[in-house]
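Hi everyone, thanks for making time.

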Amino acid sequence: ADPGDYKPNRPPRPEERVSRLSTLVTPGQAVAVWFGIHALADLRGLDVEVDPRGAPVTVDVRHEHFWPQRTGWRSRQWYMTPELLLPCSDGMKTVPTQRGLLEERPFDVGQGGSAAFWLTVTATEHARAGQYRLAVRVTSRPRGELLLPLTVEVLPFTLERPADRLSLLYADVGRWRTMSDEQVLAELRDFARHGFTGLVEIPLGEPDLTGIAEGRATFDASPFRKLVALCAQAGLPGPHVCSAGGMPERVAQALGIEANLHAGEWPEKLKAGLRVVARAAVEATRDAGARWYYYGVDEPSGDNTYAIQDYQCWRGGGAETYATFYNIGFLEKASQYLTAPCFVVGLVSARDTAREAREACARTGAEFWWYGSGSYVNPFPQEGFMFHNRYATGLLWYKTGARAQVTWTFCRPHEDVFNDFDGSAVNSGEPKDQATAYPHLLKPDDWSTYQGAIPTIAWESIREGVDDYAYLHTLERAIERAKHSASAPRQRAALRAEEALRSMVDGIPWANPMNSATFSTQRLQDVRHKAARLIAELRG
């Protein structure tokens, strides 16, 4: 049921043995299909090809690369997991070597071994509805050819995406310093294809504090404006979250204030100066083309007086603000200064706590955001399985009613990006690499040679989850249109579909995606298929 279930030497259970594959897709949508093979004899030059047989789709074929990974941020234990999705063809497979480099090797599987394959099926924008029969051809010496039928149903509607919902990604933009605008733009387009609308921890710009003692400041927001323009070109409309940490210290130094900013009340002169900087930043970005939120301190607690006063000043200067937290005490003390309080998912992954968070945000006029998808490993790694990210960015996001979900983090390696065990010198607290996707480089560690992201099960699962949400939203819209139609049968069908939608969503359990899977990924797939049938029925 989950593409992370494959292991290098695990034979399939009887219920996992398949003789055919099937999927459904809307025009313009990409969907994942996966399957594995188990070798009854030594296989050499394994190859998988897909014959589209005239279907209005393209199919990208990749293999799931198994490798050892730490089971926790500091764990000395490891497990063998599929993660990278790498090209394979003509009896060869691409594999990672070191520091972002790839090489081709013969695709051989020994007797008793297993291999797993990932097909990305993408329908053309104007694909005609109907069922299409493709053929997956698996070949290997000396076993000959195996044909696996693949039925692709193109649905008679396109997905509608909620304009008032935001999906943001910690983009690790420090990597872009040595990359060209063309490389950055290509990556931004990849983010948009995976359902993201905005970025977190992007640069805002630089203040000129020479006049701060007289209550004046200007702000050079050119880094933000340039990135916003690239994002708009790529299909990422924002809003974005900007990091400008350390500004209180800079303002204090410019004003000649000597004080311990991490204890007690700040001097009013410092607060006033910080508000001046915030107003200058707001003014400098007023016509930049995208909203932004100020991000000062990561995961502060309720006794963090520095963070509380920092957010107070930026909010007082007119900036919208964003803060992550796992300690509810911070929200209790700083709620009036937060535009977008971002809850750790464990605080909102139950019906009652999600409702309490929504209501708390509504009382202060704040936006309800949460984070918990991506590359977390507490206490169970999200990296090798579809469940965690698909559930988080799809059904759980829908169930919480939150305005935004936030994914941490795209690619933040320590030392060799292809070695999960060498990061202690760079990050002794969390030496495990923090990556939802990985880089393909032409030179070791040289991001100027970046060829694009190597997708992973976790990375593609985010897209699957966002599409799950889109199916539910499209069904909501179809129900509303049918309710307001002049046809009594359609109105009755809308009421039945509304009850079915409620039952489907309620039938999916609440769970924390930072923890291990609590139910089968197949249940998420079933919800999507049921929603698709209901949408098609309401369309007549």
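This is a predicted model: local features need pLDDT of at least 70, side-chain atom pairs count only at pLDDT 80 or more; totals for chains, interfaces and linings use all residues.

I'll start with the overall picture and then visit some individual residues.

As for what it's built from, the protein has 11 helices and 24 strands. Its radius of gyration is 25 Å, close to the 24 Å that the globule rule gives for 540 residues, so the protein is as compact as a globular protein of that length. If you line a box up with the principal axes, the C-alpha atoms fill roughly 80 × 65 × 40 Å.

How much of the protein is buried? Buried residues account for 55% of the 540. The accessible surface comes to about 22,700 Å², and carbon and sulfur atoms own 49% of that. And here's one on how the chain comes together: take contacts between residues at least 6 apart in sequence, and 73% of them join residues at least 24 apart.

Okay, let's go inside. The largest nonpolar core has 143 residues, and the ones touching the most other members are Leu188, Phe191, Trp314, Tyr322 and Trp369. Which element gives this core its largest share? That's helix 9, residues 457–483, with 11 residues. There's another core lying apart from it, of 31 residues, and Leu21, Leu46, Ala127 and Val152 are among them.

Let me zoom in on Leu188. Skipping residues up to four places away in sequence, Leu188 touches Trp176, Leu199, Leu227, Leu230, Cys231, Ala234 and Leu236.

Cys231 on that list brings me to the cysteines. A disulfide is a covalent bond between the sulfur atoms of two cysteines. How many turn up here? A search of the whole structure finds 0 disulfides. For Cys231, the nearest cysteine sulfur belongs to Cys242 and is 10 Å away. For Cys411, the nearest one is that of Cys231, 18 Å away. Both cysteines are tucked inside: Cys231 counts as buried because its relative accessibility is 0%, and Cys411 counts as buried at 2%.

Now a strand residue I like, Leu84. You'll find Leu84 in strand 5, residues 78–89. Is Leu84 buried or exposed? Its relative accessibility is 0%, so Leu84 counts as buried. Leaving aside neighbours within four places in sequence, its contacts include His63, Trp67, Pro96, Tyr438 and Ile454. Leu84 and Gly384 are 300 residues apart in sequence, yet their C-alpha atoms are 8.7 Å apart in space.

Leu261 is in the loop between helix 3 (247–255) and helix 4 (268–284). Why does Leu261 count as buried? Because its relative accessible area is 7%, and the cut-off for buried is under 20%. Among its contacts beyond four places in sequence are Pro248, Trp266, Leu270 and Tyr306. Its C-alpha is separated by 9.8 Å from that of Asp310, which sits 49 residues away along the chain.

Ala511 is in the loop between helix 10 and helix 11 (521–539), and Ala511 is buried too, at 7% relative accessible area. Past its sequence neighbours within four places, Ala511 is in contact with Ser349, Tyr391, Leu396 and Thr518.

Then there's Ser485, in the loop between helix 9 and helix 10 (488–507). Ser485 counts as buried, at 14% relative accessibility. A polar atom of its side chain lies 2.9 Å from the backbone oxygen of Ala482. Leaving aside neighbours within four places, Ser485 is in contact with Arg490 and Gln491.

Last stop, the backbone. Most residues other than glycine have a negative phi, and most peptide bonds are trans. So where does this model depart from that? A cis peptide bond joins Arg141 and Pro142, with omega about 5°, and Pro142 lies in the loop between strand 9 (130–141) and strand 10 (144–154). The bond from Asn378 to Pro379 is cis as well, with omega near -5°.

For positive phi, look at Glu201, near 65°. Glu201 lies in strand 12, residues 198–203, and is partly exposed at 27% relative accessible area. Asp445 has a positive phi of about 60°. Asp445 is in the loop between strand 23 (438–441) and strand 24 (450–454), and at 39% relative accessibility counts as partly exposed.

Terms used
Residues are numbered from 1 along each chain as its sequence is written. Side-chain values use heavy atoms; hydrogens and water are left out. A nonpolar core is a set of buried Ala, Val, Leu, Ile, Met, Phe, Trp, Tyr and Cys residues joined through side-chain atoms within 4.5 Å. Buried means under 20% relative accessible area, exposed over 50%, partly exposed in between (1.4 Å probe, protein chains only). Helices (H or I, at least four residues) and strands (E, at least two) are DSSP runs, numbered from the N terminus. Contact means heavy atoms within 4.5 Å. A disulfide is a pair of cysteine sulfur atoms within 2.5 Å. The radius of gyration is taken over C-alpha atoms; the globule rule is 2.2 Å times the number of residues to the power 0.38. Accessible areas come from the Shrake-Rupley method with a 1.4 Å probe; for residues, only the protein chains shown count as cover. A polar contact is a pair of N or O atoms within 3.5 Å; within protein, one must be able to donate a hydrogen and the other to accept it, and residues adjacent in sequence count only if both atoms are side-chain atoms.
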